[in-house]
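I wanted a record of how some strands pair in this structure. My entries follow.

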Amino acid sequence: MNAFRLSADPFDTGVLRAGLADPGSGGYAAFEGWVRDHNEGRRVTRLEYEAFAPLALREGERIIAEARERFGLSGALCVHRIGALALGEIAVWVGAAAPHRDEAFRGCRYIIDEVKHRLPIWKKEHYEDGDSGWVNCERCAAAPALGGHEHAGHRHGAPSAPGPLKQA
Amino acid sequence: MTAPLHGLLLTGGRSRRMQRDKAALEYGGQTQLARAMALLEPLVARSFVSVRADQLDERQRTGYACIVDALPDLGPIGGIHAALHAHPHAAWLVLACDLPFLDAATLQQLIAGRDPQRVASAFRSSHDGKPEPLCAIYEPASRALVDARIAAGRLCPRDFLASADAALLELRNPRALDNINTGEEYHTARQRLEAAAPAGGASAPRAARTLQVQYFALLREQAGRSAETVSSRARDARELYEELRARHGLGLEPAQLRVAVNEDFADWSRPLDEGDSVAFLPPVAGG
């Protein structure tokens, strides 16, 4: 079973969590990214995610392999939605299990941060006023002289377990 | 955030020892100005020729975008100063116009080794170990330091880089930055270059290749398609993007994108082969 997956449909996080169950693991941390109703002062009504699937799957597996290696995780999974999503839906889910809680928290955090920065996945927001825009792209196109690949992205969602999460 | 990279060819020098405009010297029937701009253009978002105010209407410079020295007679640092002020958000790959042996691989090495967190990135001279200031990348943060050096009357760009927090790279091709100061050196260089590249040499036209191109997100919308098959003579991914950017009016600069070849991330300088699939990736926003 692949450790990183793309899903066009909602998925059952309980099944994913059960897939990480392991008698050698003393800690498990999960993160859910949720579709939020606002971004940068605008009311968001729905989202679309687009992925370059072959590369997203390849890079996603690399990220999870790095997290397992770096934090000694006993297991890790990540699922990212693609297609149209409604408010409140889970856009991305990460689960990490490890012998101890610190590795689980840190491994989980590493995976979500790398997923946001590295995977070829794009988010189009649809706004209440009927307008829409690709997150992180529109400002580039408007002001190319200021562009760079890294932008101050926004974050959404909440950890489903309390953790040592620093502000990005 | 990494600043977009622009190119600047310095041609405002007085060439006192040569007593001829070095940019106008020809190698294999092409002026050094045209040769250097052809090397720069595929590697940067925009490229410019740095000129003195009295050079603006010279025939061979027309056709290239120019940046005129704001402060006259300061030498190379004056050209760098004008560029940093004309486009303060850009980083500048600055080139002297007396480097006939400069090759694309050396520029690609500089770009790959660039450290945008430093004031500048430059090669260590293969002659004296000091920074080479006239084949170097100057980040936007260098502007205030250049201003201060000029205000203090310290105009030597090599001293500036030696005192600044510049990233220094080892030249893979130790002769790439050999420069030309005298008529005799020009004669020797020309013989060497023309012997190495008879009958067109590196500039001979290459065959077109059939490539599969994919566009995503904003680029897909701007191109009006998610994929296409193109026939292109582009040598690498960067040239291909520039070609397609012009054809489809794409609004993003290469510095804002990543490129994938055959479904994995690749360098912009990756040579393209028949049948390769190339994907241009706008800034991502997963999660």
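**Strand pairing, chain B**

I started at B:Leu10, which stands opposite B:Ser50 in β4(B). Strands and helices here are DSSP runs numbered from the N terminus (E, at least two residues, for strands; H or I, at least four, for helices). Two strands count as paired if DSSP finds at least two bridges between them.

This is a predicted model: local features need pLDDT of at least 70, side-chain atom pairs count only at pLDDT 80 or more, and totals for chains, interfaces and linings use all residues. Residues are numbered from 1 along each chain as its sequence is written, and chains are lettered from A and ligands numbered from 1 in the order in which they are written.

I then looked up the partners of β4(B). Strand β1 (residues 5-10) of chain B runs parallel to β4(B), joined by five bridges. Three bridges link β4(B) to β5 (residues 66-68) of chain B, also parallel. There, B:Ser50 has B:Ile67 as its bridge partner.

How many residues of β4 (46-51) of chain B are buried? I found five of six. Buried means 20 or more other C-beta atoms within 10 Å of the residue's own, exposed 12 or fewer, partly exposed in between, with C-beta atoms placed from the backbone.

Next I turned to an open sheet. Its five strands in chain B are ordered β11-β10-β14-β12-β13, with mixed pairing. β11 (227-232) and β13 (264-266) of chain B are the edges; each has a single partner strand, so one side of each lacks a neighbour in the sheet.

Inside the sheet I checked β12 (residues 258-261) and β14 (residues 277-281) of chain B, which are antiparallel and joined by four bridges. B:Val261 faces B:Val278 in β14(B).
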